[in-house]
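Student: Could you walk me through this model before I set anything up with it?
Tutor: Gladly; let us look at the chain together.

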Amino acid sequence: MKKILLTALIVIGTAVLYAQPLPPTGHAGQGDVIGGAAPIDGGLSILILMGAAFGGRKIFRMKKVISKN
């Protein structure tokens, strides 16, 4: 129990210590949006596509192994 508590404390502590402060608000042209209205569409689309491809590959391999038995 002590090891789990110590591990959780270390993980939470490092996450808090490495957290970045919020940016100041009121930048010209960006309003009060945190992150400066950065687009996430390109990276998100790629991650979804890669996840679907990985899942499809896993299903294909499972069916291949099951059909051999």
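**Helices and surface**

Tutor: The chain has two helices and zero strands, where helices (H or I, at least four residues) and strands (E, at least two) are DSSP runs numbered from the N terminus. This is a predicted model, in which local features need pLDDT of at least 70 and side-chain atom pairs count only at pLDDT 80 or more, while totals for chains, interfaces and linings use all residues. Residues are numbered from 1 along each chain as its sequence is written, and side-chain values use heavy atoms, with hydrogens and water left out.

Student: What share of the 69 residues counts as buried?
Tutor: The share is 0%, with buried meaning under 20% relative accessible area, exposed over 50% and partly exposed in between (1.4 Å probe, protein chains only).

Student: And where does that leave α2?
Tutor: Helix α2 lies largely in the open, because the number buried among its 28 residues is zero.

Student: What span should helix α2 have, at 1.5 Å a residue?
Tutor: Helix α2 (residues 41-68) should span 40 Å, and its end C-alpha atoms are 41 Å apart, which agrees; the expected span is 1.5 Å times one less than the number of residues.

Student: Switching topic, is Leu9 buried or exposed?
Tutor: Leu9, which is found in helix α1 (residues 2-17), is exposed, with a relative accessible area of 60%.

Student: And Lys58, which helix is that in?
Tutor: Lys58 lies in helix α2 and is partly exposed, its relative accessible area being 47%.
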